[in-house]
Amino acid sequence: MSENFDVIVIGSGPAGYVAAIRAAQLGMSVACIEKWRSKDGRGINGGTCLNVGCIPSKALLDSSHRFHDTKKELAVHGISTSEVSIDIGAMMARKEKIVSQLTGGIGQLFKANGVTGLYGTGKLLANKQVEFTSHVGAISVLNGGHVILASGSLPIEIPMAPVDGSLIVDSTGALEIETVPRRLGVIGAGVIGLELGSVWARLGSEVVLLEALDEFLSIMDKGIARETLKIFTKQGLDIRLGARVVGTQINDGEVHVNYRTTEGSEHTEVFDKLIVCVGRRAYTTGLFADDSGIQLDERGTIPVNEQCETGVPGVYAVGDLVRGPMLAHKGSEEGVMVAERIAGHSAQLNYAIVPNVIYTHPEVASVGETEEQVKASGVPYNVGTFPFAASGRALAANDTDGMVKIIADANSDRVLGCHIVGPSAADLVQQVAIAMEFGSSSEDLGMTVFGHPTLSETVHEAALAVNGNAIHKANRKRG
Ligand code: FAD
Ligand code: AMP
C-alpha cells in the first residue's frame, strides 16, 4: 500500500486521537496509526489514558470509595448495614467494561469523522513519510502532508525494584491485582502512587508509601501539600518521606524492600505486593528513523516549541512525548492546537492554565501558580482561604476535610492560582480555571452569585477572603 494523507498521526492516546478527529473535522484526510493490542490480539485505540491510566484508575477509585464509605461512613447518617464485602473480580470486570466501551467509542468517532484507523506500528522516515507495519507484519509506506507524533509514555523502571508482574508490579499491574494484599508497598508518593495506594488501602490493605524526597508533593502549593499530608495520614496511609528505595529481594512469596532515609539509616519492610510508581518516560522506541531529522533531548523527550513544532517542517509532537505535565487533557489540547494550525488557524494553548488533579478522597486540585512561585516572581500578592469545615454543604455531606486557597495579584487583583484539597476539588478548581482564562479578578469571583448550599460556595468565600471580605469566617486583619 502506498497512500497519501494530509495528516498522519502516530499514536491514538488522548493526544493522538483528538488531533486526528479535529484534523478530519477541519476537512483533511487523516490516518491514525495505533500499535496497542487488546488481550485477545485486537488493535485498540485510546492509549495509556483509556486502557491503563486515567479511566481504569478512576473506575477502581470510585468502586473502592463506595466500599469504604459504605463500611465506614454510613453509620453517622443512621444507616446500618450487614456485613459489607467486596468481589474484586466483579470490580475488575466493571472497570474492563468501561474501558472497552470508551476504547470502542474512539473507533466509532473515527468512522463518523472519516479518520482511517490503522492498527500496527508507525515509524517516521525522512520527508514526512511514515512506514506502517501492520499487526500481521505487512509493511507499507504512507506519505503525509503533515505528521503528528503522539506515542505517549511508559512507566519508568528502576533496577532496584524490577517489575515481575506478580509480586512487584507497575501502575498497569496495580490495576489488575486479584486479591487485596495484606501489606502493600508503593514506591513513589506522587499522583499515581497516591491514587493506586488509596484504592487498595480502602479495600483493606495496610499501605506504606516510600518517597525519596523529604517534601510531600514537592511541586504543589506548600500550604495545600501540608494540609493534604495531614488528611492522608489521618486516613491511615503510612507515607514515609525521605525514604529512598535502594533494593528489593523476593523471599518466600514476599517482597523485602530496603530503603535509606535522608539521614542515612537503612531499613527493611516486608510486603506481599509492591507497586513501583516512580514516574513515566517518553515512549520513543522505533518511532523515527535516523534520517527523519528528529533527535531526542537529554530527558529523552522530543524537543518542540510552544506550538508543538519539532524543527522538522511539517512534523509535530504532542502529549506525554514532549515537555510539560504528563496529563491527558494537556495532550488533547495540544492535539487540537496542532490540527488547527495545520488547517491555517492561529490556535494557541495557554500552558499557564492547565489544571492538575489527584483523584484521591478528598481530591487535590490546582491551577495556575503556587504561592511559592508567585513569591519567587516578586509580584505582590494576596491570599484568600476557606475551609470546607465552614461549608454548610460539606457538613451536610459529612465531608469537611480540606480547604480552598486563591492567590491574586495585590495590584490588579487578577487571580494567579487556585489550590484545593477537599471534596469535588477537581470540579471546583475548574471554575477558577475558567475565571482565570477570562482574566478574572478575585473581586469578579466574589461578585458572582453562587447557588446555596453548594461546595462551590467555598470558592466564592476564598475569593472574598483574598481582600478580607469573607462572610462565613473571620477575616485576617490586614496591616
Ligand atoms: P498515551 O496515552 O500513552 O498514548 C500513546 C499511544 O501511542 C499508545 O496507545 C501507544 O500504543 C501508541 N504508540 C506508541 N508508539 C507507537 C508507534 N510507533 N506506532 C503506533 N502507535 C504507537 N492523566 C490525567 O490527565 N488525568 C488522570 O486522572 C490520569 N490518571 C492516570 C492514571 C494512571 C495509572 C496513569 C498511568 C496515567 C494517568 N494519567 C492521567 C496520565 C495520562 O494517562 C497520560 O498523560 C496520557 O495518556 C498521555 O496521552 P498521550 O496521547 O500523549 O499518550
Ligand atoms: P510522579 O513523578 O508524580 O509520578 O512521582 C514519582 C515519585 O517517585 C517522585 O516523587 C520521586 O521522588 C519518587 N521516587 C523515584 N525514585 C524513588 C526511589 N528509588 N525510592 C522512593 N521514591 C522514589
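Lys-128 sits in the loop between strand E3 and strand E4 (129-134). Helices (H or I, at least four residues) and strands (E, at least two) are DSSP runs, numbered from the N terminus. Lys-128 has a positive phi of about 60°, although it is not a glycine. Most residues other than glycine have a negative phi, and most peptide bonds are trans. Two cis bonds were found in loops. One joins His-361 and Pro-362, with omega about 0°. Pro-362 lies between strand E17 (356-358) and strand E18 (363-368). A cis bond also links His-452 to Pro-453, with omega about -5°. Pro-453 falls in the loop between helix H12 (442-447) and helix H13 (457-466).

The model is predicted: local features need pLDDT of at least 70, side-chain atom pairs count only at pLDDT 80 or more, and totals for chains, interfaces and linings use all residues. Residues are numbered from 1 along each chain as its sequence is written, chains are lettered from A and ligands numbered from 1 in the order in which they are written, and side-chain values use heavy atoms, with hydrogens and water left out.

Ligand 1 is surrounded by 37 residues (a residue is near if one of its heavy atoms lies within 4 Å). The closest are Glu-34, Thr-48, Lys-58, Asp-320 and Ala-328. Polar contacts (pairs of N or O atoms within 3.5 Å) involve the backbone. A backbone N or O atom of Ala-15 lies 3.0 Å from an oxygen atom of the ligand. A polar backbone atom of Lys-35 is 3.2 Å from a nitrogen atom of ligand 1. For Ser-153, a backbone N or O atom lies 3.5 Å from a ligand oxygen. The protein covers 96% of the 1,000 Å² of accessible area that ligand 1 has on its own (Shrake-Rupley method, 1.4 Å probe). Helix H2 (47-52) gives the most to this shell, with four residues. The shell divides into 16 nonpolar, 16 polar and five charged residues. Here Ala, Val, Leu, Ile, Met, Phe, Trp, Tyr, Cys and Pro count as nonpolar, Asp, Glu, Lys and Arg as charged, and the others, Gly among them, as polar.

Ligand 2 has 15 residues around it, and Gly-188, Glu-211, Ala-212, Val-245 and Cys-277 come nearest. A polar side-chain atom of Glu-211 lies 2.6 Å from an oxygen atom of the ligand. Polar backbone atoms also take part. That of Ala-212 is 3.1 Å from a nitrogen atom of ligand 2, and that of Val-245 is 3.0 Å from a nitrogen atom of ligand 2. Alone, ligand 2 exposes 510 Å², and the protein buries 74% of that. Strand E11 (residues 243-251) gives the most to the shell, with three residues. The shell has 10 nonpolar, three polar and two charged residues.

Helix H3 (residues 54-72) packs with helix H6 (residues 191-202) at about 35°, their axes 8 Å apart. Axes are lines fitted to C-alpha atoms, for helices over the stretch in contact, and angles run from 0 to 180 degrees between N-to-C directions. The contact (heavy atoms within 4.5 Å) includes Leu-60, Leu-61 and Phe-67 of H3 and Leu-196 and Val-199 of H6. Its residues divide into five nonpolar, five polar and three charged.

H3 also packs with helix H4 (residues 88-113), at about 145° and with axes 9 Å apart. Among the residues in contact are Ile-55, Ala-59 and Leu-60 of H3, and Met-91, Ile-98 and Leu-102 of H4. This contact has nine nonpolar, one polar and three charged residues.

Notes:
A polar contact is a pair of N or O atoms within 3.5 Å; within protein, one must be able to donate a hydrogen and the other to accept it, and residues adjacent in sequence count only if both atoms are side-chain atoms.
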